[in-house]
Amino acid sequence: MIRSIDTKIITENIKEMCIEANHYLSSDMKAALDKACETEESELGKKILNQLEDNLEIADKEVIPICQDTGMAVVFIDVGQDVHFTGDNIEDAINEGVRQGYTEGYLRKSVVADPIVRVNTKDNTPAVIHYSIVPGDKVKITLAPKGFGSENMSRVFMLKPADGIDGVKNAILTAVSDAGPNACPPMVVGVGIGGTFEKCAKMSKEALTRPVNCHSKIEWVADLEQEMLEKINNSGIGPGGLGGSTTALAVNVNTYPTHIAGLPVAINICCHVNRHSVREI
Amino acid sequence: MDKKITLPITSEKAKDLKAGDYVYLSGEMYVARDAAHKRLMELISEGKELPIDLKDATIYYMGPSPAREGRPIGSAGPTTASRMDKYAPILLDLGEKAMIGKGRRTKEVMDALVRNSAVYFAAIGGAGALLSKCIVESEIVCYEDLGAEAIRKIKVVDFPVIVVGDCHGNNLYETAILQYKK
């Protein structure tokens, strides 16, 4: 059975999700911050973590964006193959939702139309959109506004197969250590291993949208997530990069088959304002 | 050590600040980031007059979200300071005394702090809602066409910052990490 969905519904949802994601963090992120407040060893680190919690409360109660960098809107849209969109084309509908959300929601317009000419588009469009066709007749949207303090510290490493798991670990720790205070720690570290150059980068971003209390179902990957989190938190970088035992709240790793000649690894770093809103239509 | 300081920061006040001090700032400061710095540098290189007075100025690297009705400003946390590293030593040599941002600076910037008895503060990255509550007034000084990147003058009350780079050559980002590295 084909299900028709008017793209106006997509626009309306995207608009609401832009506003929602920029004012409220998901419960798993809040729980991770609560836990960090208890375990942080540095006094200054503890003070900063408490202020981050206060910040979330103020953002929620007074409707002020959690961070002034309300990001570039990244949209993952999984479209059921039995869905038929009616109305405007889907890309325009998504961008219209971003335009309305960022304008009506008092969010910062941080997008320039051309990377060199750099004139602001004044409505935060266009979004970066990743489409997937999936079984079923539903549409799942994940909207993740991405700030660039942490985005700028992200990396892709094209390792050799001989580098193996140790090479992967080294790549992750190098990216985190280089990011240090610039990426607004405590961070969430998204990692993509395998695929191709662009596939691993996309996986690393998708990994950031997975709840931070949820490990990979693949045993060696779950072990890697745990080991990396421990090593990162032993780096000393701490909250705000000012020293402490909470440098990351989670390391989420996604994997994919790859070529006999390669071992691509991408590390997408997100600050503690790891925003995403998920809806199924 | 917790300290309260009234702006402007002078060389004398900067000399009393040590990396690691937790400071509450009150008074007036400028807000400028990437695009505004680029324009200031163009004016400097052409020998033209600047739209802001750099003497003992504090510049906050920030681009706010739009203010809702009845509020002076929207979310207002620091942006990454390293993007201003190219410009900062020149502005410091021209009188700027304090910068507020987040993240590492180059050796050239840290040397300019020592040379000019100036200071680099970090504000808490990602705490834009909390920090906005310490800003009581905000006006655009120039470059309104840059939107969130326009130069603003803001008035702050007990605005919390941490001394990262002091004029004695200390860098908290380097020293604090060592204490907690395992």
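What follows is a chat about a predicted model with chains A and B.

Q: Hi! What kind of model is this, and what rules apply to it?
A: Hello! It is a predicted model, where local features need pLDDT of at least 70, side-chain atom pairs count only at pLDDT 80 or more, and totals for chains, interfaces and linings use all residues. Residues are numbered from 1 along each chain as its sequence is written, while chains are lettered from A and ligands numbered from 1 in the order in which they are written.

Q: Thanks! How many helices and strands does chain A have?
A: Chain A has eight helices and ten strands. Here helices (H or I, at least four residues) and strands (E, at least two) are DSSP runs, numbered from the N terminus.

Q: And how compact is chain A?
A: Its radius of gyration is 19 Å, close to the 19 Å that the globule rule gives for 281 residues, so chain A is as compact as a globular protein of that length. The radius is taken over C-alpha atoms, and the globule rule is 2.2 Å times the number of residues to the power 0.38. Along the principal axes, the C-alpha atoms of chain A fill a box of roughly 55 × 50 × 40 Å.

Q: What share of chain A is buried?
A: Of its 281 residues, 50% count as buried. A residue is buried if 20 or more other C-beta atoms lie within 10 Å of its own, exposed if 12 or fewer, and partly exposed in between, with C-beta atoms placed from the backbone.

Q: Which domains does chain A have?
A: The assignment gives domain 1 (3-22 + 66-146) and domain 2 (149-273). Such bounds come from an automatic or database domain assignment. The C-alpha centres of the two domains of chain A lie 26 Å apart.

Q: How many residues make the contact between those domains?
A: Domain 1 of chain A gives nine residues and domain 2 of chain A gives eight residues. Two residues are in contact if their C-beta atoms, placed from the backbone, lie within 7 Å.

Q: Switching topic: how long is helix H8 of chain A?
A: H8(A), residues 219-233, has 15 residues and reaches 21 Å from its first C-alpha to its last, close to the 21 Å expected at 1.5 Å a residue. The expected span is 1.5 Å times one less than the number of residues.

Q: Which residues of H8(A) are buried?
A: They are A:Leu224, A:Glu225, A:Met228, A:Ile232 and A:Asn233. Seen down the axis of H8(A), the buried residues fall within an arc of 150°, so they line one face of the helix. The arc is that of the directions from the helix axis to the C-beta atoms.

Q: What covers them, and what is on the other side?
A: The cover includes helix H6 (164-179), strand S7 (187-195) and strand S8 (248-258) of chain A. On the other side of H8(A), A:Glu219, A:Trp220, A:Gln226 and A:Glu230 are exposed.

Q: What about A:Glu280, buried or exposed?
A: A:Glu280 counts as exposed because it has 11 C-beta neighbours inside 10 Å. A:Glu280 is found in strand S10 (residues 277-280) of chain A. Leaving aside neighbours within four places in sequence, A:Glu280 is in contact with A:Lys138 and A:Lys140.

Q: Now chain B! What is it made of?
A: Chain B has six helices and seven strands. From the N terminus on, its elements run β-α-β-α-β-α-β-α-β-α-β-β-α. Buried residues make up 50% of the 182 residues in chain B.

Q: How many residues of chain B are in contact with chain A?
A: There are 38 residues of chain B in contact with 42 residues of chain A. Helix H5 (128-132) and helix H6 (172-180) of chain B are the elements that give two or more residues to that side of chain B. H6(B) gives the most, with seven residues. The residues on that side of chain B divide into 17 nonpolar, 15 polar and six charged.

Notes: Nonpolar A, V, L, I, M, F, W, Y, C, P; charged D, E, K, R; others polar.
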